[in-house]
Amino acid sequence: MSQQLSNHNNQKKIAIINDLTGFGKCSIAVELPIISAMAVQCCPVPTSIFSNHTAYPEYFFDDYTDKMQDYIDNWKKLGLRFQGILTGYLCDIRQIDIVRKFIKEFRDQSTIVVVDPVMGDNGRVYSGYSSKVCQGITELVKSADIVTPNLTEACLITSRDYKEVVINHKLVEEMAKEISEMGPEKVVISGILKDNMIGDYVFEKDGAKEFLFNDIVGISREGTGDVFSAIIAADAVNDVPFVESVKKGSDFIRRCLVISDERNIPREDGICFEDLLTTLH
């Protein structure tokens, strides 16, 4: 077989390390189609399997931790290289260790590492997350080029009080700078409230430092953080400027929220992003 035929690295690729949820649009189920629609091959590493996510009263769950390394080892045999690595839901300290090793082994000078530090929302840590796991995810942030916490997760990373930060935007700026000093060149903190608006704070070490607000539309829904981080990761690999990417992600989610409300989609079912996928490329 010729080198041309056996080379598996002729297309841009992002490895996403996240859970696979069959129903209730989140994690790999939304990241894969979004990244693919943005002309990047998406290669998932499942951390766990859910029939539906944990916002539903009941769900099936299968921990994939013990299988992850064998799965990854076969990628090493294929000699795969990735222009991007995106991490998401990690429920076990062993998974965090595996991800840290994955980044070390697959990262090269062209690889952009995006860490979505999934830990909580609305001032609360997600159920099942121990302080040890939260600390492990905070350590993982140090390996990122880009980090995409919501306001709750930014507070957890920097040991700030959510109730104080949510009413003080100066503290948001301080948190973003503090997170960047841990390693990431770029930080975007989402879910910041101001009057009847919601927005993001963008921080680049050598660039933009600004709030981006829009009017609130619809209701808060599951999975929007995964949609946002997928757009950020694909845009980073495609060399889209960071502020432009954040605006694109926020605008896309807003438009999806409008459609979801029009169709009376239950909150936990996530957002109707499929109608708008072709607008992302």
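Author: Lys76 is partly exposed, with a relative accessible area of 38%, where buried means under 20%, exposed means over 50% and partly exposed lies in between, using a 1.4 Å probe and protein chains only. This is a predicted model, in which local features need pLDDT of at least 70 and side-chain atom pairs count only at pLDDT 80 or more, while totals for chains, interfaces and linings use all residues. Residues are numbered from 1 along each chain as its sequence is written, and side-chain values use heavy atoms, with hydrogens and water left out.

Lys76 forms a salt bridge with Glu105, their closest N and O atoms being 3.3 Å apart; the term stands for a side-chain nitrogen of Lys or Arg within 4 Å of a carboxyl oxygen of Asp or Glu. Glu105 in helix H4 and Lys76 in helix H3 (residues 65-78) are 29 residues apart, so that the pair links distant parts of the chain, helices being DSSP runs of H or I with at least four residues, and strands runs of E with at least two, numbered from the N terminus. Glu105 also counts as partly exposed, at 36% relative accessibility.

Another salt bridge joins Asp108 to Arg81, with 3.5 Å between the closest N and O atoms. Because Asp108 lies in the loop between H4 and strand S5 (112-115) and Arg81 in the loop between H3 and strand S4 (84-87), this pair ties together parts that are 27 residues apart in sequence. Asp108 is partly exposed at 28% relative accessibility, and Arg81 is partly exposed at 43%.
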